[in-house]
Amino acid sequence: MKKSSARKDPAKKGPAKTSGSDFYRLRLYIAGQTPNSVAAIANLKKICEEKLQGKYRIEVVDLLEKPQLAKGDQIIAIPTLVRRLPPPVKKIIGNLSKTESVMVGLDLQPVR
Amino acid sequence: MPRAKPEPKVARTSLPKSPTGIQGLDEITGGGLPKGRVTLVCGRAGCGKSLLGMEFLVHGAVRYGEPGVCIDFEETEEKLTANVASLGFDLRELTKRKKLFVDYVFIERNQIAESGEYNLDGLFIRLAHAVKTIKAKRILVDSVEALFSGLADSAILRSELRRLFRWLEDHKLTAIVTGEAGSGTLTRHGLEEYIADCVISLDHRVTEQISTRRLRIVKYRGTSHGTDEYPFLIGEEGISVVPITSLVLTHKALMDRVSTGIPALDEMMEGKGFFRGSSVLVTGTAGTGKSSLAANFTSAACARGELCLYFTFEESPSQILRNMRSVGLDLEQWVKKGLLHINAMRPTSTGLEGHLSVIHKLIAKLRPRVVVIDPITNLVSASGTYDVKSMLVRLVDFLKVEQITSMFTNLTFAGDPQERTAAAVSSLMDTWIVLRDSKPNGRPRRELYVLKSRGMAHSREPRELIASERGIELGMVLRDHSLETTVAGPSAVAAAE
């Protein structure tokens with residue numbers, strides 16, 4: 001995941017303040033309204049609004065309702081955030097409380 | 001071996017058991033794994049733990065009406081399908097009929113970043129989904145330690161593992177979890193600390209090209225179990241812990257007698273020959289007629305209409321047929337009638353384990369009344385160790401339980417340590433016939449005597465053995481040897497010569 005930010009082509013959409021230039025399709029897997037799940041949704045929304053305004057979509061999947069979906073994205077931990085677009089697929093597990101590691105995980109800022 | 005046996009009896013006080021269906025394992029555990037509990041199976045890579053787990057599931061699904069879930073962290077469904085096919089079962093078919101459910105859990109650490117707290121609810125949801133889908137009673141988690149390499153927070157992992165094992169028990173699943181052996185610990189991540197009920201350790205050693213696999217029950221709460229290491233085999237039909245009945249010597253001693261195939265030798269043994277179901281060792285230096293003796297014994301059994309299985313490690317079947325013709329034995333007729341099966345194996349082609357596995361399998365398949373192994377020297381050649389002896393103990397036991405009369409030949413060399421093996425093996429044998437060369441007055445001759453034969457008043461006097469195209473005959477009792485040398489065994493005899 002450290003390398004992939006370099007692989008992106010930042011020229012594609014003009015000067016972006018982040019290295020990610022494509023539309024972000026994010027899927028957040030939760031299991032019921034647990035504190036971690038609630039926190040993850042809130043944390044994710046906050047980060048996206050700040051860094052990805054207008055170019056992201058979040059889909060929340062509650063595995064208690066659709067357990068069969070866990071297999072497709074190989075979900076083990078809850079909550080798990082999956083970056084489905086842009087490629088490559090990335091996963092971040094946890095309640096996303098550590099903003100910096102979320103941004104690194106999503107390639108939203110270069111690795112220092 | 002797959003003879004239909006009654007379910008092993010369970011001691012009154014012990015926990016309910018789930019039979020594994022694995023040959024031998026259910027016997028040494030008194031009926032199988034603890035029902036509704038978690039069993040840890042640990043060992044190094046390639047020790048057979050996944051296979052054991054898979055057999056437990058497949059047998060559960062096919063033979064005991066207990067559907068099973070396989071949560072696999074290592075093998076994809078495709079690979080598992082191939083593995084199960086090698087056991088003779090169709091995983092896809094079993095999956096379709098909802099007897100099995102396979103979920104391959106793939107964790108790619110490079111793909112995963114961590115941010116804040118999490119738990120393994122995703123895994124639990126998958127488990128629950130799988131269990132519910134097929135109403136599973138059994139589950140295999142292979143190998144849960146993959147989580148440790150996939151996820152960084154080992155504090156979370158440990159508490160989640162504890163929760164996992166509790167979850168399995170709450171759902172009344174009979175479970176096998178596997179774990180990789182660590183250095184100095186049973187498992188690399190100390191899984192054994194979480195498992196209270198049953199821990200089985202597998203081991204695979206290769207010494208001097210002979211591979212030996214062993215199984216040990218480290219703990220089994222509420223059950224008396226064998227604490228020995230049990231050798232086990234991985235054959236085409238999967239795992240079998242040989243010996244099925246080594247815990248107790250319960251085989252029935254038959255009073256029936258069978259001819260040795262040589263009237264004069266029968267005569268030396270109360271005129272009746274061997275006991276049926278007994279084991280006979282024939283030792284002798286090169287060229288003393290061990291194979292001829294075995295062939296006579298075989299031929300007599302075939303003539304009685306009994307099926308014989310003849311394992312040879314030195315000659316091809318056609319070579320044996322030709323050689324025996326020269327001493328007046330037509331073995332070919334029995335081969336043609338289907339009464340004699342000659343199985344030739346290269347001693348070096350597989351290890352001891354492989355040979356024994358083939359032997360067991362053929363015996364189970366053909367169900368012979370007589371088995372000849374000619375010679376066991378090759379089987380034991382690479383080592384005279386405890387391993388070999390314990391393997392042979394179990395083979396001999398097995399033959400006795402099946403009431404198969406067996407003959408083993410063993411080549412001895414004067415002063416060779418091989419004789420120690422012969423001596424070690426001989427304690428298992430009911431009858432020990434010694435052949436040897438001697439040169440009294442410069443005239444070479446072959447001699448035979450019965451060193452021991454349990455349960456009968458046999459002759460102890462050496463006779464001359466004469467092999468010609470008329471067959472094997474025994475000459476007069478030889479008086480020119482003192483009794484002490486003959487009774488003392490081949491080492492002393494060799495030394496005396």
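1. B:Val371 stands opposite B:Ser406, a residue of strand 19. Keep in mind that this is a predicted model. B:Ser406 also has B:Ser279 standing opposite. Two strands pair with strand 19 here. Strand 18 of chain B joins strand 19 of chain B in the parallel sense, over four bridges. Strand 15 of chain B runs parallel to strand 19 of chain B too, and six bridges join them.

2. Is strand 19 of chain B mostly covered or mostly open? Mostly covered: seven of its seven residues are buried. Look at each face in turn. On one side sit B:Thr405, B:Met407, B:Thr409 and B:Leu411, all buried. On the other sit B:Ser406, B:Phe408 and B:Asn410, also buried.

3. Now step back to the whole sheet. Nine strands of chain B form an open sheet with mixed pairing, in the order 17-16-18-19-15-20-21-22-23. Strands 17 (340-344) and 23 (471-477) of chain B are at the edges. Each has a single partner strand, so one side of each has no neighbour in the sheet. From one strand to the next, the twist averages 20°.

4. Follow the sheet from strand 15 to strand 20. Strand 15 (residues 279-284) and strand 20 (residues 431-438) of chain B are parallel partners, with five bridges. One pair to find on screen is B:Val280 and its bridge partner B:Thr431 in strand 20 of chain B. B:Ile433 touches B:Val280, B:Val282, B:Leu448, B:Val450 and B:Leu451, leaving out residues up to four places away in sequence.

5. Helix 9 (residues 290-303) of chain B lies across several strands of chain B, including strands 15, 18, 19 and 20. Helix 9 runs at about 165° to strand 18 of chain B.

6. The core has 152 residues. Those with the most contacts inside it are B:Ile139, B:Leu140, B:Cys308, B:Val372 and B:Ile433. In soluble globular proteins, nonpolar side chains tend to be buried together.

7. B:Val335 is in helix 11 (residues 332-336) of chain B. Beyond four places in sequence, B:Val335 is in contact with B:Leu340 and B:Ile342. B:Leu321 is 14 residues away from B:Val335 in sequence, and their C-alpha atoms are 9.4 Å apart.

8. Turn to the other chain. Chain A has three helices and four strands, in the pattern α-β-α-β-β-β-α along the sequence. Chain A has 112 residues, and 34% of them count as buried. Of its contacts between residues at least 6 apart in sequence, 63% join residues at least 24 apart.

9. Finally, see where the chains meet. Contacts link 22 residues of chain B with 30 residues of chain A. On the chain B side, helix 5 gives the most, with seven residues. By class, that side has 10 nonpolar, seven polar and five charged residues. Strand 4 (residues 90-93) of chain A runs parallel to strand 6 of chain B, and three bridges join them. In that pairing, A:Lys91 stands opposite B:Ile112.

Note on methods: Residues numbered from 1 in each chain as written. Chains lettered and ligands numbered in written order. Predicted model: local features only at pLDDT ≥ 70, side-chain atom pairs only at ≥ 80, totals over all residues. Contact = placed C-beta atoms within 7 Å. Pairing = 2+ DSSP bridges. Axes fitted to C-alpha atoms, helices over the stretch in contact; angles between N-to-C directions. Nonpolar A, V, L, I, M, F, W, Y, C, P; charged D, E, K, R; others polar. Core = buried A, V, L, I, M, F, W, Y, C linked by C-beta atoms within 7 Å. Buried ≥ 20, exposed ≤ 12 C-beta atoms within 10 Å, placed from the backbone.
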